[in-house]
Amino acid sequence: MNATAEPFDGKIFVRTLTGAPGVYRMFDAADELLYVGKAGNLKKRVGSYFLKPALQPRIASMVAQIARMETTVTRTEAEALLLEAQLIKTLKPRYNIVLRDDKSYPYIHLTVGDYPRLAFHRGARNEAGRYFGPFPSAGAVRATLDLVQKLFRIRNCEESYFRNRSRPCLQYQINRCTAPCVGLVSVEDYAQNVRHAEMFLDGRAGAIMDELVASMERASAELAFERAAQIRDRIAAVKRVQANHFVQGASADMDVIACAIRNGVACVSVLFFRNGVALGSRDFFPRLPTEADEAVILASFVAQYYLERPLPSELILSHAIEDAVPLSEAFSAQAGHAVEIKTSVRSERARFRDLAIRNAEASLASRLASRQTQLARFEALRDLLGLEETPKRIECFDISHTMGEATVASCVVYGPEGAEKSQYRRFNITGITGGDDYAAMRQALQRRFRRAAAANDAVADAMAGESAAKPLRIDESLVKLPDLLLIDGGKGQLQQAIEVLDELGLQGMPVVGVAKGEARKAGDETLIIGRTGRTLWPGPESLASHLVQSVRDEAHRFAITGHRGRREKARETSTLEEVAGVGARRRAALLRHFGGLGGLSKAGIEELMQVKGISRDLAERIYASFHG
């Protein structure tokens, strides 16, 4: 922003506003978004920042930074709420409460066909079949699938595996599948099992019991005692599951949400109930840049969290929120059914609300204890390395490849709060001799820090008045430099890091090599200190060693994951690219049809011809590419 620009006059700006509902956005002198808010009356709400005689210290600090404001008028306050949530979720303003965990939720997917499969699913629900969920976690899905397999013996194998079986697999041997792949169950009997599994997932276990009891009585009347005994055992199993997983008083679909705050950290705990079944819970720790109470946090959480997620018919909150009515209206329009937001509840719902509050308080206590442990590890590492200050950002680099193939470098970032996964980076290494770890490390470090050094130079020029008058916009993740750089490797890799930092004028950055011990045992690592080459052996009992191990292991995991993905992609692509007539579209169709290269390599010529666009001649060439 031009240094000669006039300061922002909020009172004059308020005079230009309408009394309609809408959303307002505050920007600072560098054109960075400070805050997004919604208003039922823009003129009154925005005016409250500039006309009130006293504001909270943090709010006053934010208002003092405003260089300009923007507003968007909406038709209703409900629309303003949804637009505010969308902007906060997308732009993550500095002074807003931001929901950090935004992973898509998992479902159970029941496919179509004569022998459908039940499987874990995450992502877009665009395949044919039914979806059950969402579940609070992958663990909840797998636990439910495990129960359904035990009770109803529905297959969970991939299509390519299912079509190529010649004998029953282990799932059949342990009584978790009826082996439809080799015809050991009729289509009709399998369909009955699938129907019961659907009823179970829909929460209609009572109806299943009635049908099973009737089937057992018919089998007994027909003197089919072995079959009657099998049905009796299934009835007993369903009863046990029903007792453990069905919740009295939770007949409605509802989420129970509670918030707890302590020491500047907030925890929001959500209990999920669908069709009378308790699906489990999930905890969130939103970013709190401003002072906020439980009601404010819950209002912001609910608006952001349910913006693009399926909504239950009831949301029960631990604290009353200001925007309950417009939020309920917006959610009802979004979901296509009535969505009630409740706080004053009785009986069983009050019990669930109290349970959610206890969960939030317990999770918060655990988080704070973990935070203290993490801080103690950072302080121990500071003392061990003789750093002037406790590092707030640690970056660690690692290299992964297989015999020089598909080399990938990883960069992971740790702070006092733990892993900062949004800051992770991977580098696909090219143009080096396969297996040259030194060259790979040099390339990764150059790519990471060259842009960071350039960004910092631009910032320095701007502060010295050498830049243009336009606002300086730089990716903040590039400007940030680590307070400590860890290199997974010995003196050779460490030397590459030192040379790169010297070339880029970043000599002041502490850098440490992490060399494996003789037995490659965790805790035996030797730390090699920067340019001095001094070695330290903190030992397995050291808190500093625990932190280094955690960061190094995460860098190793992240590098291996990237390497495996790159290697498999290269192998799949190269194998099929060698076949004349197989372009990108046919290659994708083949891999999709057979579930990957493994299923494709086992397919016969006739099976290959079932894929659209694959003639007999082309199928024979594909078959020959795998089998010679």
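**Figure 1. R153 is placed in the loop between α5 and α6.** The loop that holds R153 runs between α5 and α6 (159-163); helices (H or I, at least four residues) and strands (E, at least two) are DSSP runs, numbered from the N terminus. The view is taken from a predicted model, in which local features need pLDDT of at least 70, side-chain atom pairs count only at pLDDT 80 or more, and totals for chains, interfaces and linings use all residues. Residues are numbered from 1 along each chain as its sequence is written, and side-chain values use heavy atoms, with hydrogens and water left out. Most residues other than glycine have a negative phi. R153 is not a glycine, yet its phi is positive, at about 55°.

**Figure 2. K92 is a residue other than glycine with a positive phi.** The phi value of K92 is near 50°. K92 belongs to the loop between α4 (77-91) and β4. Its relative accessibility is 45%, so K92 counts as partly exposed; buried means under 20% relative accessible area, exposed over 50%, and partly exposed in between (1.4 Å probe, protein chains only).

**Figure 3. Strands β5, β4 and β6 form an open sheet in that order.** The three strands of this sheet pair in the antiparallel sense; two strands count as paired if DSSP finds at least two bridges between them. At the edges are β5 (118-121) and β6 (130-132), each of which pairs on one side only. From one strand to the next, the twist averages 30°; axes are lines fitted to C-alpha atoms, for helices over the stretch in contact, and angles run from 0 to 180 degrees between N-to-C directions. Strand β4 (residues 107-110) is joined to β6 by three bridges, again antiparallel. H109 has Y131 in β6 as its bridge partner. In general, the strands of a sheet pair through backbone hydrogen bonds, either parallel or antiparallel.

**Figure 4. Helix α5 lies across strands β4 and β5.** The helix covers residues 138-152 and runs at about 180° to β5. K150 is part of helix α5. With a relative accessible area of 47%, K150 is partly exposed. Between the C-alpha atoms of K150 and R176 the separation is 5.3 Å, although these residues are 26 residues apart along the chain.

**Figure 5. D114 is located in the loop between β4 and β5.** D114 has a relative accessible area of 53% and is therefore exposed. Contact means heavy atoms within 4.5 Å. When neighbours within four places in sequence are left aside, D114 is in contact with V187 and Y190. The C-alpha atoms of D114 and S186 are separated by 9.6 Å, while the two residues are 72 residues apart along the chain.

**Figure 6. F8 and F50 are shown as an aromatic pair.** A pair of aromatic rings is described by the distance of the centres and the angle of the planes. Rings of Phe, Tyr and Trp (its six-membered ring) pair if their centres lie within 6.5 Å; planes under 30 degrees apart count as stacked, over 60 as edge-to-face and the rest as tilted. The count by this rule comes to 16 aromatic pairs. F8 and F50 are tilted, at 6.0 Å centre to centre and 55° between the planes. This pair links distant parts of the chain, 42 residues apart, with F8 in the segment before α1 (10-15) and F50 in helix α2 (residues 42-51). F8 is partly exposed, as its relative accessible area is 25%, whereas F50 is buried, at 15%.

**Figure 7. Y306 and F331 form an edge-to-face aromatic pair.** The ring centres of Y306 and F331 are 6.1 Å apart, with 65° between the planes. Distant parts of the chain are linked here, 25 residues apart: Y306 is in the loop between α11 (294-305) and β10 (314-317), and F331 is in helix α12 (residues 324-335). Y306 and F331 are both buried. One aromatic cluster is formed by F284, F301, Y305, Y306 and F331.

**Figure 8. Confidence is lowest in helix α15 and highest in strand β16.** pLDDT is the predictor's confidence in each residue, from 0 to 100. Helix α15 (residues 476-479) has a mean of 56, and strand β16 (residues 484-488) reaches 95. Over residues 467-472 the pLDDT stays under 50, and the model has twelve contacts beyond four places in sequence for them. Where pLDDT is low, the predicted coordinates should not be read in detail. The average pLDDT of the protein is 83, with 88% of the residues scoring at least 70.
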